[in-house]
Amino acid sequence: MHNGGGVVSFEDLIKRQKPGFTLEQPFYCDPDIFKRDLQKIVGKAWLYVDHVSEIPNKGDFLLYNIGEESIIVVRGKDGAVNAFFNVCRHRGSHICLKESGNVRTLTCPYHAWVYDLDGNLVGARGMPEDFDKGKFPLHKCQVRVWHGLIFINMAAEDDPDVAPFDVMADDLERFVALHRLEDTKIVHREVYPTAANWKLVVDNFRECYHCIPAHPEYTMVNAYVRATDKRWEDYQPVVKEWEKETVKLGHPVGWDETSGSDHRQPYGYWRQPIREGYVTLSEDGKPVAPLLGDLKDWDGGETAFTFGALSYAYLCADHLCMFRFTPVSATHSDVVVTWHVRADAEEGKDYDLARLKWMWDVTTIEDTKIIIDNQKGVNSTRYLPGPYAPQESYSSSFASWYLERLAS
Ligand code: FES
Ligand SMILES: [Fe+2]
């Protein structure tokens, strides 16, 4: 591996990494390291894929492509959500070629082997009479549906590097239940192709040090950005005051980034006030859709969930935004954002799409640009790891977590 003119082993690169500094250049552009990322980190993580409302009927499917993998997520015969590797057991062709659709069977386009919706091989034309179809089912991918959110994990069931999904789900239940995410639907999806390594995307999403210079709209709506620009502690009395009122409504409050978190896949949760007079993340602070789930009133709060490095949920009283970061290659990632409102909300009557998507759309467009510019500089011969600022502590902890998982 070439770095700074010399040839450095992968192990030495990890060892010489300075704590509190960004990673060395190869971590952001080397295809071999990218392969390791997929194997050791992405391939062991529970990844948010989509919302169940996208595949309501038996035979509805969608594809999730990540690195070299393609996963078929399909509604099975009994209504359960199944996930399979999109690899034919005959000679390995992709089976599903469309991004989504409805099928009665999963039929390979190459030689027409047929699988049922539960992944069993049910037809293999022209094979010898004694051919045992039972030995060639589709490879299963782990899948969980939690409050309508579909997560997959590409590792084997008994892989010790995989955090148990149910523990995370139990830990977060108290916070997520209120909004009833299972009773939402996606009303808009935006793909932001990002010419950058996935870790630059993650780094950017985990810090708000860049918010004031890069995000005038986000900064205007989210009071905490300016208030905490120098000292986080100074803002805490405002949060405490809001929490006092919010608890009276029976809504959860808190900031739980680490407790109970599994080191193999850290997850967390926080709720905080948006801004005086703002009930949701809209330009004027007024509602953009009907109240979600069991919320009794507008509490003026916003909620975030992190499910590991690549999946995030941002919620306010009337809508949910899901963020899915997908590593595509060493220097390309896809950022997919979906906007969800209550399942029974009608466009034009209950919500206006332009108002609903405004903040995260404008903010993600800005993020995409700064992340791409970041990658350009990182590719230079003069790039050296730089020190994270105190306001970037979550990015810094992500970098150390990443190195540790990679070395494990
Ligand atoms: S590769 Fe699928 S049927 Fe031949
Ligand atoms: Fe940003």
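**Figure 1. Overall dimensions of the predicted model.** A compact globule of 408 residues would have a radius of gyration near 22 Å, and the protein has 22 Å, so the two agree. The radius is taken over C-alpha atoms, and the globule rule is 2.2 Å times the number of residues to the power 0.38. Along the principal axes, the C-alpha atoms fill a box of roughly 75 × 60 × 35 Å. This is a predicted model: local features need pLDDT of at least 70, side-chain atom pairs count only at pLDDT 80 or more, and totals for chains, interfaces and linings use all residues. Residues are numbered from 1 along each chain as its sequence is written, while chains are lettered from A and ligands numbered from 1 in the order in which they are written.

Figure 2. The protein has eleven helices and 19 strands. Helices (H or I, at least four residues) and strands (E, at least two) are DSSP runs, numbered from the N terminus. Of the 408 residues, 38% are buried. Buried means that 20 or more other C-beta atoms lie within 10 Å of the residue's own; exposed means 12 or fewer, partly exposed in between, with C-beta atoms placed from the backbone. Of the contacts between residues at least 6 apart in sequence, 65% join residues at least 24 apart. A contact requires C-beta atoms, placed from the backbone, within 7 Å.

Figure 3. The domain assignment gives domain 1 (47–153) and domain 2 (165–407). Such bounds come from an automatic or database domain assignment. The C-alpha centres of the two domains lie 31 Å apart. Across the boundary, 13 residues of domain 1 are in contact with 18 residues of domain 2. On the domain 1 side, β3 (47–51), β11 (142–146) and β12 (149–153) each give two or more residues. β3 gives the most, with three. By class, this side has six nonpolar, five polar and two charged residues. Here Ala, Val, Leu, Ile, Met, Phe, Trp, Tyr, Cys and Pro count as nonpolar, Asp, Glu, Lys and Arg as charged, and the others, Gly among them, as polar.

**Figure 4. Strand β3 and its partner β12.** Five of the five residues of β3 are buried, so β3 is largely enclosed by the rest of the structure. β3 and β12 run antiparallel, joined by four bridges. H51 stands opposite L149 in β12. Strands count as paired if DSSP finds at least two bridges between them.

**Figure 5. The seven-stranded open sheet.** The strand order is β13-β19-β18-β17-β16-β15-β14, with antiparallel pairing. β13 (184–194) and β14 (255–256) are the edge strands, each pairing on one side only. Within the sheet, β17 (residues 311–316) and β18 (residues 320–329) pair over five bridges. Y312 has F323 in β18 as its bridge partner.

**Figure 6. Two helices on the sheet.** Helix α4 (residues 165–176) lies across β15 (267–273) and β16 (301–307), at about 10° to β15. Helix α9 (residues 236–248) also touches β15 and β16, but its direction makes about 90° with that of β15. Axes are lines fitted to C-alpha atoms, for helices over the stretch in contact; angles run from 0 to 180 degrees between N-to-C directions.

**Figure 7. The three-stranded open sheet.** The order is β8-β9-β10, with antiparallel pairing. β8 (106–107) and β10 (121–123) form the edges, each pairing on one side only. β9 (residues 114–115) and β10 share two bridges. V114 stands opposite G123 in β10.
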